[in-house]
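Hi everyone, thanks for making time. Please bring up the model on your screens, and we'll walk through a few spots together.

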Amino acid sequence: MATVSAELKGKYVLVVNAGSSSFKTQILSCENETPILAVLAERIGANNGKLIFKVNPDTDKEEKHAFDVHYPTHGEGIRDMMKRIVDMGILPNFDSIVATGHRVLLGGPKYAECKVDATVKQVIRDYIPLGPLHNPANLACIEVIEEILPGVPAVAVFDTGFHTTMPDYAYTYGISKELSEKYHLRRYGFHGISHKYVSKTAAKYLGKETFTGICCHLGNGCSISAIKDGKCVDTTMGLTPLEGLLMGTRCGDIDASLPLFLMEQEGYTPTQMSDLLNKQSGLKALAGSNDMRDVENLIEKGDKDAILANNIFNYRIIKYIGAYLAVLGQIDGILFTGGIGENASVTREPICKAFEPFGLELDTELNQIRSGEPREINKKGSKIKALVVPTNEELEIMQTTLKILGY
């Protein structure tokens, strides 16, 4: 990282990454870009919530504190977390926090990253119909932090932002132009913060100015992006995170008539149909668990449902990589990130071997190694490189926040 200015010495950025029923928070040092605190709040809205504090995370000085909590809303969770930060002496007060950075799910085609003001907050509200679980939580966190840290500038980093460079023929759906414009219907793509961080990291690792290739973010949610000269030209997720790959609980690509058929036959309401496709499908529906580690254990026992689910999961990934290889032509490599992408060598192996005819030579021994650093898993001389690049959304949000604020 670059040498920081005198005004940032001893200063911190507070990063908030809120999901539909959870939030992750980090306080990162401006001097070395490492967190002094990492917080995870789980099961917001439920009676059995958990709050986990890691002080000096991922160091030999790490201290872990876990609390049973009940947060009816994200805002109440943020208030309690901020109080505990002072009460536990992690910071004596918040005077050393110079900025806050917030992940926001959806801000439309024009917003990628920007300082938060009344207009930006209204845009977040406007897109609540397309992001009903995330955008309200993202906005609540922004507004509560504003109350607690008056005068401290906030930056919104939109998960769709990296994908705003897609050409119109990649993001336009083949439906009524009037309806598309009225309801902002188009492919937006998600996981953009991760795709951006990983592709930048890969470019640096490869000694290139920018990265051209295919980035596979594989976790409970999965998406693939085609990236040319550091810019996204296509991605698998669409209007919502439901489109594209098979995922932990999401079905991914299906015939658009399938939900209509089930609604007619089973009498499902739109809410019930959405729940079925988003929360009760994918690996969970096919194999009985949305955790790939469980699926792998079942495969070892010969479970046919788990074997089929895994085959579908891999096949979808191979199919999209092949499509994006055709879109991009010559590439620097294929990147794997996310919980599955970074850790599941058994998932990476068949995917990489599918591209042996195109010049990707997998090194099976390198593929077995686990590391927190970017690394190649291909043989020396492989025409196409395969890399595992750990993602770090919070660091990307911090760096973007300081850039937007002119530090």
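Which residues does Ile214 touch, leaving out those up to four places away in sequence? With contact meaning heavy atoms within 4.5 Å, the list is Ile224, Ser225, Ile321, Tyr324, Leu325, Leu328, Ile331, Gly333, Ile334 and Leu335.

Before going on, a word on the source: this is a predicted model, where local features need pLDDT of at least 70, side-chain atom pairs count only at pLDDT 80 or more, and totals for chains, interfaces and linings use all residues. Numbering runs from 1 along each chain as its sequence is written, and side-chain values use heavy atoms, without hydrogens or water.

Now the largest nonpolar core. By that I mean buried Ala, Val, Leu, Ile, Met, Phe, Trp, Tyr and Cys residues joined through side-chain atoms within 4.5 Å; buried is under 20% relative accessible area, exposed over 50%, partly exposed in between, with a 1.4 Å probe and protein chains only. This core has 44 residues, and Ile214, Ile224, Ile321 and Ile334 touch the most other members. Among the elements giving two or more residues are strand 9 (213–218), strand 10 (222–228) and strand 12 (333–337). Helix 11 gives the most, nine residues. Helices (H or I, at least four residues) and strands (E, at least two) are DSSP runs, numbered from the N terminus.

Finally, backbone angles. Most residues other than glycine have a negative phi. Arg43, though, has a positive phi, near 55°, and sits in the loop between strand 3 (35–42) and strand 4 (49–55). Asp229 also has a phi near 55°, in the loop between strand 10 and strand 11 (231–235). Asp229 is partly exposed, at 47% relative accessible area.
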